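Here are my notes for you, in the order I would go through them on screen. Have the model open while you read.

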Amino acid sequence: MGALKAILLYLIIHQTWKITADDEEWKSATATYVKETSGSIIVEGACGYGDLHRATYGKYSAGLSSMLFNRGSTCGACFEVRCVDHILWCLQGSPSVFLTATDFCPPNYGLSSDYGGWCNFPKEHFEMSEAAFAEIAEKKADIVPVQHRRVKCDRRGGLRFTVSGNFHFYQVLISNVGLDGEVIAVKVKGSRTAWIPMARNWGQNWQSNTNLIGQPLSFEVTTSSGRTLTSYNVAPANWQFGQIFEGKQF
């Protein structure tokens, strides 16, 4: 009986840990939307993803207030968002949308945080596309109360590495990151180099001053939970600036 009790206790503790790790508590925030004909909120955002449709985030992209954006380290993270506590504006049943952090919603301290200065610190706010907003609330609303929580990112295909720069400056944009979504560390390796730590330039653009031209490239990517994934020889020796390469997925 002692062994059986020990096993049951382990299972209970393990299951409780899983629930805590996988399902964050709902937090309160607000949300507005930006009208944009293509459905995504912006073509060039503060995370550096460029064309959001090409980056696969599309209409489910969001700009985050300072409190959530965290100086760009939250870029790529995924959130579940639902409209709550407003009988006029929230859609019936409070349906959720899943958003990717792709941009920064700057503060406007010339306006009250209750009227116009939605992204003023320390407010938690989501600036959504019109199409995504319409899935949780009436578009007539200027601003709605929402609840949000971090969720794992479900991505199709592998991590995407977009290379740019010149002979003396090498930069890679990392997108389509599954699970955690947000990258906290990157290393690159050429065929004639050891692993080289890269520095965050801005958003999810990572840089190195090493000349890697003419070498096949491998990448080691670490996300916010400490998971590390290595994609070997992602780019062939004849890679060119501006090209996009696909690696493994978390």
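Which strands make up the open sheet, and in what order? Some points on that, then on the rings and the pocket. Bear in mind throughout that this is a predicted model.

1. The sheet. It is open, has eight strands, and reads E13-E12-E9-E10-E11-E8-E7-E14, with antiparallel pairing. E13 and E14 (244-246) sit at the edges with a single partner strand each, so one side of each has no neighbour in the sheet. On average, neighbouring strands here are turned by 30 degrees against each other, direction ignored.

2. Strand E12 and its partners. E12 covers residues 217-223. It pairs with E9 (residues 183-189) in the antiparallel sense, over six bridges, and Lys 189 is the residue opposite Ser 218.

3. E12 and E13 form a hairpin with four residues between the strands. Have a look at Gly 226 there, which takes a positive phi near 95 degrees.

4. Burial along E12. Are its residues buried or exposed? Seven of the seven are buried, so take the strand as mostly covered, with under 20% relative accessible area as the cut-off for each buried residue. In a regular strand, side chains alternate between the two faces of the sheet. In E12, Leu 217, Phe 219, Val 221 and Thr 223 point one way, while Ser 218, Glu 220 and Thr 222 point the other way. Both sets are buried, and Glu 220 is among them.

5. One of interest is Phe 69 with Phe 104: the ring centres are 5.1 Å apart and the planes lie at 40 degrees, so the pair is tilted. It links distant parts of the chain, with Phe 69 in helix H2 (residues 66-69) and Phe 104 in strand E4, 35 residues apart. Phe 69 counts as buried, at 7% relative accessibility, whereas Phe 104 is partly exposed, at 27%.

6. A stacked ring pair. Phe 161 and Phe 219 are stacked, 4.4 Å centre to centre with 10 degrees between the planes. This pair also links distant parts of the chain: Phe 161 belongs to strand E7 (residues 160-165) and Phe 219 to E12, 58 residues apart. Phe 161 is buried, with a relative accessible area of 0%, and Phe 219 is buried too, at 1%.

7. A ring cluster. Tyr 170, Trp 239 and Phe 241 are linked into a cluster by ring pairs.

8. The largest pocket. Its volume is about 350 Å³, and 17 residues line it. Which of them lie nearest its centre? Those are Thr 56, Phe 98, Thr 100, Asp 154 and Arg 155. Strand E4 (residues 96-104) gives the largest share of the lining, five residues. Sorted by class, the lining has eight nonpolar, four polar and five charged residues.

Key. Residues numbered from 1 in each chain as written. Predicted model: local features only at pLDDT ≥ 70, side-chain atom pairs only at ≥ 80, totals over all residues. Heavy atoms only, no water. 1 Å grid on protein atoms, 1.4 Å probe; cavity = no way out; pocket = protein on both sides within 12 Å on 5 of 7 lines; lining within 4 Å. Points joined across faces, edges and corners; volume = space filled by probe spheres on them. Helix = DSSP H or I, 4+ residues; strand = E, 2+ residues; numbered from the N terminus. Nonpolar A, V, L, I, M, F, W, Y, C, P; charged D, E, K, R; others polar. Buried < 20%, exposed > 50% of the residue type's maximum accessible area, 1.4 Å probe, protein only. Pairing = 2+ DSSP bridges. Axes fitted to C-alpha atoms, helices over the stretch in contact; angles between N-to-C directions. Phe/Tyr/Trp six-rings, centres within 6.5 Å; stacked < 30°, edge-to-face > 60°.
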